[in-house]
Protein chains: 2
Amino acid sequence: MPQREASSGDLPERVTIWEVGPRDGLQNEQTVVGLETKLEFLRRLAGAGLTTLEATSFVHPKWVPQLADADDLLAKLDRRPGVKYPVLVPNERGLDRALALGVESIAIFGSATETFARKNLNRSYDEQFAMFEPVVRRARHEGLEVRAYLSMCFGDPWEGAVPVEQVANAGRRLLDMGCFQLSLGDTIGVATPGHVEAVVGAFGDVTKLAVHFHDTYGQALSNTLAALKAGVTTVDSSAGGLGGCPYAKAATGNLATEDLVWMLDGLGIEHGVDLDALVRTSAWMAQQLGRPSPSRVVKALTGG
Amino acid sequence: MPQREASSGDLPERVTIWEVGPRDGLQNEQTVVGLETKLEFLRRLAGAGLTTLEATSFVHPKWVPQLADADDLLAKLDRRPGVKYPVLVPNERGLDRALALGVESIAIFGSATETFARKNLNRSYDEQFAMFEPVVRRARHEGLEVRAYLSMCFGDPWEGAVPVEQVANAGRRLLDMGCFQLSLGDTIGVATPGHVEAVVGAFGDVTKLAVHFHDTYGQALSNTLAALKAGVTTVDSSAGGLGGCPYAKAATGNLATEDLVWMLDGLGIEHGVDLDALVRTSAWMAQQLGRPSPSRVVKALTGG
């Protein structure tokens, strides 16, 4: 455990960790994990104190074969009281599935750039909002909570730099539809702390913001610190750093939940997670995947 | 390259990188690198724009067999104008060797804790100062620049928590001897940003401070950011993250110079390093060592 010393800056007393390992993590792993293992993973994560577990995705299995068992998973999911299990929903058909399965929390996935909107959503930048609008409206009408992801907020592999005002424009449009939260994604991991301040600062109200950093260039935790100092209180991370194979070229590298928890512990920020239980869970999942965890904390505490 | 956005906080305009790869990095690698490779490494690092290269160590080869060729290396070293090549000197005998070889810059290595002083120096906490005092006095009399390292500033594997005032006391005693700089070491990698602020803040004058973070728990770059915001302008790092094998249990994990440079670039802080040339150098050294670099930037930019 780190020695606890609060920071002099303004930091939140409590941070909500939005655990994306079961969805964003597993969908980017080479190894396909079986249904029972996924259910056990979700049980263990809830047991470790995580209260938001992004469980799976309704993106077509052609694109995300790792999560082709989404319906079965939701049918068999042993929901722990006090824990929410959001599901990624790409469109109205996905919403139909979510409603049929009793999902209470969904997430949509927009793009801050034209090129990625076309490549990932097969829509123009403007058309994506037209696609999401009826999804959000109907979901809210049915009493669901809707989160919006916004990808490529800090750089785009095709377009390069992404203007801060463009990110703020896309984000506001998603929030104005009625999304309760906007997760600002550094999809290619290029952000640095001043850039994080600039993007977060472009939103007048930070209470609806979350951040989603990738560790491709080793910056995820520094960027998280900058976001916390800018007032953000929800942070996306992936147990064991799932989703970023440390040996692959295109290592997207989600921020590891354990590395985040270590920093929060040191700063005296509450998070509700039992680090030892979480590390055991990630070590177990690394065994299922047949490779070491890329999380530095998991490595250090398990020798793996 | 990251999109450049300055931070709102007080950050230095320029940072000096104290490159420790050739000494602290290579001494902790399993593979022993040959003399010609070390000389080539130093040439390439200087060519990449680094201006402080900790070249080697006079610690007895029984303890650091990887650097047993220190005399030969210094005799053959092709010194580049404007670059300094400090050498670690443990005691008066080491100073004799340094003086005989025309070394102009040395570093001593103290401990902030009693236990580590005994284990690493075979002296008590107080006795270490008596050992260093004549080294520093004579070195300065001979016109040498002396840096002091202070280890275990943020936690000790045997003692646990280390009081901030104890760190400040040890550091001041080393500075008062005449050391021009004090490098605060997180030897076991447990520091977090608030703790960094506390330790740095315990010194009235930060201009003589440097920081030396290990990435064992993934915190090195966040801690560096905290130190920069606290006014520190010299940062120790290791090209390619040398010294921390990503697969070993006791991965000490030096902060990778490339990951630091990426953050400084994004923040618009000058450092003088050519990132591409540095990445090529670290990729080449990884080949010599027969293993991938643990630096995320090196991995991302070379696919390795």
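Begin with helix H4 (residues 92-100) and helix H6 (residues 125-141) of chain A, which pack at an angle of about 20° with their axes 9 Å apart. Helices here are DSSP runs of H or I with at least four residues, strands are E runs of at least two, and both are numbered from the N terminus. Axes are lines fitted to C-alpha atoms, for helices over the stretch in contact, and angles run from 0 to 180 degrees between N-to-C directions. H4(A) and H6(A) are therefore roughly parallel to each other, a term for angles under 35 degrees.

This is a predicted model, in which local features need pLDDT of at least 70, side-chain atom pairs count only at pLDDT 80 or more, and totals for chains, interfaces and linings use all residues. Residues are numbered from 1 along each chain as its sequence is written, chains are lettered from A and ligands numbered from 1 in the order in which they are written, and side-chain values use heavy atoms, without hydrogens and water.

Next, select A:Glu92, A:Leu95, A:Asp96 and A:Leu99 in H4(A), which meet A:Pro134, A:Val135, A:Arg138 and A:Ala139 in H6(A); contact means heavy atoms within 4.5 Å. Five residues of this contact are nonpolar, none is polar and three are charged.

Now turn to chain B and select B:Asn122, in the loop between helix H5 (114-121) and helix H6 (125-141). Its phi is near 60°, a positive value in a residue other than glycine. Most residues other than glycine have a negative phi. B:Asn122 is exposed, with a relative accessible area of 63% (exposed means over 50%, buried under 20%, partly exposed in between; 1.4 Å probe, protein chains only).

Finally, select B:Met152, in the loop between strand E5 (145-151) and helix H7 (164-177) of chain B. B:Met152 also has a positive phi, of about 60°, although it is not a glycine. B:Met152 is buried, with a relative accessible area of 3%.

Notes:
Parallel < 35°, antiparallel > 145°, perpendicular 65-115°, else oblique. Nonpolar A, V, L, I, M, F, W, Y, C, P; charged D, E, K, R; others polar.
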